Amino acid sequence: MQESIKVFAPATVANVGCGFDIMGFALDGIGEEIIIRKTETNALTVLPVRGFEDIPTDPEKNVATVAVKAMLERLSVTQGFEFEFIKHIKPGSGLGTSASSSAGAVFGVNEMLGRPFEKKDLVEFAMEGEKLLSGKAHGDNVSPSLLGGFQLIRGYNPLDLVNVSFPENLYVTIVHPQVEIKTSEARKMLRTEIPMSEAVTQWGNVGGLVAGLYTSDLDLIGRSMQDVIVEPIRSKLIPKFDEVKAASLAVGGVGCSIAGSGPSIFTFSKDEETAQEIKLKMTEIYSEAGIEVILYISKIGKTGARIID
Ligand code: HSE
């Protein structure tokens, strides 16, 4: 077995409006790096993460080591590994940073072990990290971080993943206002029962969004992204959400919603010029409000977790 490996795992946008817990896509070149080293022990160890000292180094409390442990137990392997995470995005952004850690870690260890699992089979292990963090083993961030592209989770029992094709020219502008929202808290706010009329609207939109992606119908994508169940509740936690959404759509955005559990907001657009205009609007709104932001423009990343060294 090689001594060490360096991997990249992309950040992701989950839910994509109407697809709570069942849809997500990878960003292109935005994400995190992980160096994994083989050790002489059988323990999993995590180095303190530079700039993010709150991230647990206890392997029982770290999302990535919990995910790797589940995988090693399945294989009855007792080899130890050390993990060094190089984070570029703050946790609590809504861009699936913990999912990138879990996805990258299971991907890297699987490579070092000689690839006993296919990449798609790693999703269920990476989901153990999400379970630790939010109480629910959802896969809408970890599946695109591992597999890239736009992923639909058709079903959880058993896990049934669909790789959805998407228009080549689709851009995404993301604004990350510098307030933290914990996924666990943002999930507790949600209703456990929803009226039939809302469910009907929502599943119509899910079908419309998938059809729009497959046929590159941007109007259909835009009008299908409407989320009548989760966004109206969670958007209250995000300063300036309504203004950002209205301004993004007014300058040509195809559809706008919360990235994951927030606070990041994302808007699709048909070309880079529109994506830049949206970025400008987002910057103006938050600068007037005195709220610091980080902005990204990306396409949907076609490649998921990969070796970079
Ligand atoms: N589907 C998840 C949620 C994504 O919205 O809570 C956040 O990790």
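Colleague: What area is buried between domain 1 and domain 2, and what share do carbon and sulfur atoms give?

Modeller: This is a predicted model: local features need pLDDT of at least 70, side-chain atom pairs count only at pLDDT 80 or more, and totals for chains, interfaces and linings use all residues. Residues are numbered from 1 along each chain as its sequence is written, and side-chain values use heavy atoms, with hydrogens and water left out. Buried area is the accessible area (1.4 Å probe) that two parts lose on being put together, summed over both. Between domain 1 and domain 2 that comes to about 2500 Å², with carbon and sulfur atoms giving 65%.

Colleague: Where do the two domains run, and how many residues of each are in contact?

Modeller: Domain 1 spans 4-165 and domain 2 spans 171-299; such bounds come from an automatic or database domain assignment. Their C-alpha centres lie 24 Å apart. Contact means heavy atoms within 4.5 Å. By that rule, domain 1 brings 33 residues and domain 2 brings 38.

Colleague: Which side chains meet in a salt bridge?

Modeller: The rule asks for a side-chain nitrogen of Lys or Arg within 4 Å of a carboxyl oxygen of Asp or Glu. Across the interface of domain 1 and domain 2 it finds one. A salt bridge with an N to O distance of 2.7 Å joins Arg187 and Asp21.

Colleague: Which strand gives the most to the side of domain 1 that touches domain 2?

Modeller: Helices (H or I, at least four residues) and strands (E, at least two) are DSSP runs, numbered from the N terminus. Elements that each supply at least two residues of this side include strand 1 (4-14), strand 2 (23-38) and helix 3 (123-134). With six residues, the top contributor is strand 2.

Colleague: Which residues with a polar side-chain atom 2.7 Å from an oxygen atom of the ligand also surround the ligand?

Modeller: The surrounding residues include Asn15, Phe20, Asp21, His138, Arg187 and Arg234. Asp21 places a polar side-chain atom 2.5 Å from a ligand nitrogen atom. The 2.7 Å distance to a ligand oxygen atom is found for Arg187 and for Arg234.

Colleague: Which residues does the cis peptide bond with omega about 0° join?

Modeller: Pro263 sits in the loop between strand 8 (255-258) and strand 9 (265-269). Another proline, Pro158, is in the loop between strand 5 and strand 6. The bond with omega about 0° joins Asn157 and Pro158.

Colleague: Which residue other than glycine has a positive phi near 50°?

Modeller: Look in the loop between strand 1 and strand 2. The residue there with phi near 50° is Val16.

Technical notes:
Near = heavy atom within 4 Å. Polar contact = N/O pair within 3.5 Å; in protein donor to acceptor, adjacent residues only side chain to side chain.
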